[in-house]
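Q: I have a structure open and I'm new to it. Can you walk me through it?

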Amino acid sequence: MLRELQEYAQTHLGGAEPGFAPLGVRWAVSFSRDGRFLGVVELGDPQAKRNPGRRFPKCPHLSQPEMTARGPAKCHFLADTAERLLLLGVADDDRPGHERFHFHLQMLREAAASNPEFATLADALATQDTRQQIQRELVAKGAKPGEKVTFQIGDDFPVEGSDFHPWWQEFRRRLKPPAAGDLRRCLITGELVVPVRTHDTKIKGLTAVGGRPSGDV
């Protein structure tokens with residue numbers, strides 16, 4: 001029964017798999033397959049007064065403990081704010097801001113083993129002239145540093161692909177190794193694991209039964 005529930009959640013509930021979450025993204029930065037910047041595209045309904053953008057049901061997502069694990073300041077992979085992924089509005093002396101940007105470049109280069117286009121994208125974003133061109137177009141279109149962006153390569157949105165998923169899960173495991181403790185058998189996978197006291201991500205949508213708007217552990 002538990003296995004069937006897991007399969008149902010993965011098939012029907014976006015973001016149910018650990019390491020992923022649904023996300024509304026307003027801006028797409030478009031590149032050719034050889035790494036040429038093609039422009040910035042506003043997703044969703046540009047005529048809407050408050051355009052929420054396009055909803056991607058399964059974006060790579062780091063939990064709060066993973067984001068605060070030891071090491072540099074971090075960001076989410078392929079879909080996050082323009083500030084984090086493109087240095088929009090980030091001052092030269094903002095060390096955490098630059099750490100997040102370079103953390104994303106590192107992720108892209110690691111993930112290139114599963115999709116070589118990630119390396120081409122990383123090289124383009126690391127080029128100052130290209131990055132400044134992207135920033136100018138974002139500002140001209142009215143984008144704010146805190147608004148979500150993703151990338152488009154040719155006709156595809158890499159965030160919608162699945163080729164990088166095995167790498168992503170392994171990357172998350174390396175970010176925050178499991179705590180030491182007594183091993184127990186997982187009732188779904190059959191693997192020996194150390195049980196966690198609480199889920200990494202807060203559960204939202206329980207306000208009607210007394211839950212907090214920010215989510216509950």
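Q: How many residues does α4 have, and how far does α4 reach?
A: α4 has 17 residues. From its first C-alpha to its last, α4 reaches 24 Å. That is close to the 24 Å expected at 1.5 Å a residue. Keep in mind that this is a predicted model.

Q: What caps the N-terminal end of α4?
A: Asp-94 does. One of its side-chain oxygens lies 3.0 Å from the backbone nitrogen of Gly-97.

Q: Which residues of α4 are buried?
A: Gly-97, Phe-101, Phe-103, His-104, Leu-105, Met-107, Leu-108 and Ala-111.

Q: And what do they pack against?
A: The buried residues of α4 pack against α3, α5, α6, β6 and α7.

Q: Let's move to α5. Which residues are buried there?
A: Helix α5 covers residues 117-126, and Phe-118, Leu-121, Ala-122, Ala-124 and Leu-125 are buried in it. They span an arc of only 165° around the axis, so they sit on the same side of α5.

Q: Why would residues a few places apart point the same way?
A: An α-helix has 3.6 residues a turn, so residues three or four places apart point the same way.

Q: What covers the buried residues of α5?
A: The cover includes β2 (27-31), α3 (82-86), α4, α6 (128-140) and β6 (148-153).

Q: New topic: aromatics. How many aromatic pairs does the structure hold?
A: It holds 11 aromatic pairs. Take Phe-77 and Trp-168, which form a stacked pair. Their centres are 5.9 Å apart, with 15° between the planes.

Q: Where do Phe-77 and Trp-168 lie in the chain?
A: Phe-77 is in the loop between α2 (64-67) and β5 (80-81). Trp-168 is in helix α7, residues 165-175.

Q: Is Phe-77 buried or exposed? What about Trp-168, buried or exposed?
A: Phe-77 is buried, because its relative accessible area is 0%. Trp-168 also counts as buried, at 0% relative accessibility.

Q: Which residues form one aromatic cluster?
A: Phe-77, Phe-103, Phe-118, Phe-164, Trp-167, Trp-168 and Phe-171. Both pairs we discussed have their residues in that cluster.

Q: Which lysine lies over the face of Phe-103?
A: Lys-74, at 5.9 Å from the ring centre. Elsewhere, Lys-58 lies over the face of Phe-20, at 5.0 Å from the ring centre.

Q: Now backbone angles. What is the phi of Leu-78?
A: The phi of Leu-78 is positive, about 75°, although Leu-78 is not a glycine. Leu-78 lies in the loop between α2 and β5. At 0% relative accessibility, Leu-78 counts as buried.

Q: And Leu-87, what is its phi near?
A: Near 60°, a positive value in a residue other than glycine. Leu-87 is in the loop between α3 and α4.

Q: Why does Leu-87 count as buried?
A: Because its relative accessibility is 8%, and buried means under 20%.

Note on methods
Residues numbered from 1 in each chain as written. Predicted model: local features only at pLDDT ≥ 70, side-chain atom pairs only at ≥ 80, totals over all residues. Heavy atoms only, no water. Phe/Tyr/Trp six-rings, centres within 6.5 Å; stacked < 30°, edge-to-face > 60°. Helix = DSSP H or I, 4+ residues; strand = E, 2+ residues; numbered from the N terminus. Buried < 20%, exposed > 50% of the residue type's maximum accessible area, 1.4 Å probe, protein only. Lys NZ or Arg CZ within 6 Å of the ring centre and 35° of its normal. Arc of directions from axis to C-beta. Contact = heavy atoms within 4.5 Å. Expected span 1.5 Å × (residues − 1). Polar contact = N/O pair within 3.5 Å; in protein donor to acceptor, adjacent residues only side chain to side chain.
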